[in-house]
Amino acid sequence: MSETMSNPPIYVTKPYLPPLEALLPMLQQIWDTRILSNSGPFHQALERRLEAFLSVPHVSLANNGMIALEIAIEAAGLRGEVITTPYSFVATTHAVKRGQLEPVFVDIWPDDLNIDPGLIEDAITPRTSAIVAVHCYGNPCAVEEIEEIARRRGLTVIYDAAHAFGVTHRGRGLLSWGDYATLSFHATKAFNTFEGGAIVASADPAREAVERQRNFGIRDEVTIETIGTNAKMSEFNAAVGLLQLDHFEHVRSARAAVDGRYREALAQIGGLAPLPLPAETQPNHSYFPLLVGPEFPLSRDALQQALLAAGIHSRRYFYPLLSSLPMYSNAPSAAADRLPVATRAADQILCLPIYPDLSEADQQRIMDAVCRAARG
């Protein structure tokens, strides 16, 4: 009998779910009050608790992470070009483009796969209005360098922090950097509301703009000031988020244990390089990315197929590069020879399964399959 038949599949992620019995009284309250949406009591409670947990002055919930990024871009009133990374999920650049902006790609650092601040300055033109950077896999960007450039050149800074819930950097909540930071609470994230997101804005005028943008542009019952959208989070999703927050530190700790076991096992295998844990940072261990180098007997794609044959799902996250997609590839900044680090990373990256209840036995199955592949 094959391993795939004798063992259930292991997926790249599995969402943490709070105890159902804890959710039922909250559902009853939603039914009793008939408040289903439009900034109800659970919505407001989740915003206040997230502000305290993330150490930020204001959180605006949204119905998903891409809408959150679109709202931040619109609220910032950007025009022209924005400097961004080619190495992210497609929502990042799509949000830029849907905001009627032109993405200008610069390369990434090899150690954390975040945007290289040393390349930003040369990419700035008179049409540049912002830097849209991504805390890739929850690893902090070079926030001090990016924001020094932005202050000196008069640019807005927006951080796509979809992966970075609960991450602290140098003793400070990572979401407190930038003019705006956006989060995703999709089911695959370390903290989820099944589906959802949030925007953190650093200044009062920005917060007011975000609030209008997420609610059709409405200021009050008779005043509509701008063209907005409907980005409200439902009471059900907010209730799930309140329960998830109670369990987040357990989730973080369980993910850290999985991460540590991987690092110990992979230290014995040449050609596989997990991304290092960032210094002075409390991570959330949302992903376990590694680079499959030329010293490994198999290519990244061949290793992925070998794992799949053993019933183990991994993910080439992020591949392909955003700059190689047909809607972006004609831009001068999208040329592969301008993005050598990102191009190499996209060809080598593989994320192994990581989630809170990944058992040691299942993790050993994964490592046994990797070891078999390493033997060629």
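Reader: How much space lies in the largest cavity?
Author: This is a predicted model, where local features need pLDDT of at least 70, side-chain atom pairs count only at pLDDT 80 or more, and totals for chains, interfaces and linings use all residues. Residues are numbered from 1 along each chain as its sequence is written, and side-chain values use heavy atoms, with hydrogens and water left out. A cavity here is a set of points, on a 1 Å grid over the protein atoms alone, where a 1.4 Å probe fits but cannot get out; points are joined across faces, edges and corners, and a volume is the space filled by probe spheres set on them. For the largest cavity that comes to about 110 Å³.

Reader: Which elements give two or more residues to the lining of the largest cavity?
Author: Lining residues have an atom within 4 Å of a point, and the largest cavity has 15 of them, with Tyr137, Asn139, Leu277, Tyr287 and Pro289 nearest its centre. Helices (H or I, at least four residues) and strands (E, at least two) are DSSP runs, numbered from the N terminus. The elements that give two or more residues are helix H9 (235-266) and strand S14 (288-292).

Reader: What is the volume of the largest pocket?
Author: A pocket is an open set of points with protein on both sides within 12 Å along at least five of seven lines. The largest pocket is lined by 30 residues, and Phe89, Ser184, Lys189, Tyr287 and Tyr317 lie nearest its centre. Helix H4 (65-75), helix H5 (90-98), strand S8 (180-184) and strand S15 (349-352) each supply at least two lining residues. Its volume is about 520 Å³.

Reader: Which helix gives the largest share of the lining of the second largest pocket?
Author: The second largest pocket holds about 270 Å³ of space. Among its 18 lining residues, Trp109, Asp112, Pro140, His169 and Pro278 are the closest to the centre. The largest share, 3 residues, comes from helix H7 (residues 143-153).

Reader: Is isoleucine 224 buried or exposed?
Author: Isoleucine 224 sits in strand S11 (residues 223-224). Buried means under 20% relative accessible area, exposed over 50%, and partly exposed in between (1.4 Å probe, protein chains only). Because its relative accessible area is 61%, isoleucine 224 counts as exposed.
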